[in-house]
Amino acid sequence: MNAEGLVEVVLPGKVEPEGLQIRHGDVPAAGPGQVVIRMEATGVSFTPPWPA
């Protein structure tokens, strides 16, 4: 799809921001009835949805 590939930000559980994992890979091919979209920007919020 593009030369840059895929970049994922993975939340491996209930961790501090430093615990986020960055993974790089190939852009997957769309399967039957699916599409692949390019996301230019997104955000991550660390306001906990659970009680402190």
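## The salt bridge

In this predicted model, glutamate 40 and arginine 38 are joined by a salt bridge, in which the closest N and O atoms lie 3.8 Å apart. The structure holds one salt bridge, and the pairing of arginine 38 with glutamate 40 is therefore the one to look for, given that a salt bridge requires a side-chain nitrogen of Lys or Arg within 4 Å of a carboxyl oxygen of Asp or Glu. Glutamate 40 counts as exposed because its relative accessibility is 68%, and the cut-off for that class is over 50%.

## The chain as a whole

The protein chain contains two strands and zero helices. Strand 1 covers residues 6-10, while strand 2 covers residues 21-25, and a loop that includes valine 15 runs between strand 1 and strand 2.

Of the 52 residues in the protein chain, 2% are buried. The accessible surface of the chain amounts to about 4,800 Å², and carbon and sulfur atoms account for 56% of that surface. When contacts between residues at least 6 apart in sequence are considered, 31% of them join residues that are at least 24 apart.

## A nonpolar surface patch

Seen from the surface, Val7, Val9, Leu11, Val15, Ile22, Val44 and Phe46 together make a nonpolar patch of about 620 Å². Two members of this patch, Val15 and Phe46, can be followed in more detail.

Valine 15, in the loop between strand 1 and strand 2, has a relative accessibility of 31% and so counts as partly exposed. Phenylalanine 46, which belongs to the segment after strand 2, is also partly exposed, because its relative accessibility is 38%. Leaving aside residues up to four places away in sequence, valine 15 touches Leu20 and Phe46.

With a relative accessibility of 57%, serine 45 counts as exposed, whereas phenylalanine 46, at 38%, counts as partly exposed.

Serine 45 can also be placed relative to proline 17, which is 28 residues away along the chain, with a separation of 9.4 Å between the two C-alpha atoms.

Definitions and conventions
Residues are numbered from 1 along each chain as its sequence is written. This is a predicted model: local features need pLDDT of at least 70, side-chain atom pairs count only at pLDDT 80 or more; totals for chains, interfaces and linings use all residues. Side-chain values use heavy atoms; hydrogens and water are left out. Helices (H or I, at least four residues) and strands (E, at least two) are DSSP runs, numbered from the N terminus. Buried means under 20% relative accessible area, exposed over 50%, partly exposed in between (1.4 Å probe, protein chains only). Contact means heavy atoms within 4.5 Å. Accessible areas come from the Shrake-Rupley method with a 1.4 Å probe; for residues, only the protein chains shown count as cover. Patches are made of residues with over 30% relative accessible area and no salt bridge: like charges are joined within 9 Å, nonpolar side chains (Val, Leu, Ile, Met, Phe, Trp, Tyr) within 5 Å.
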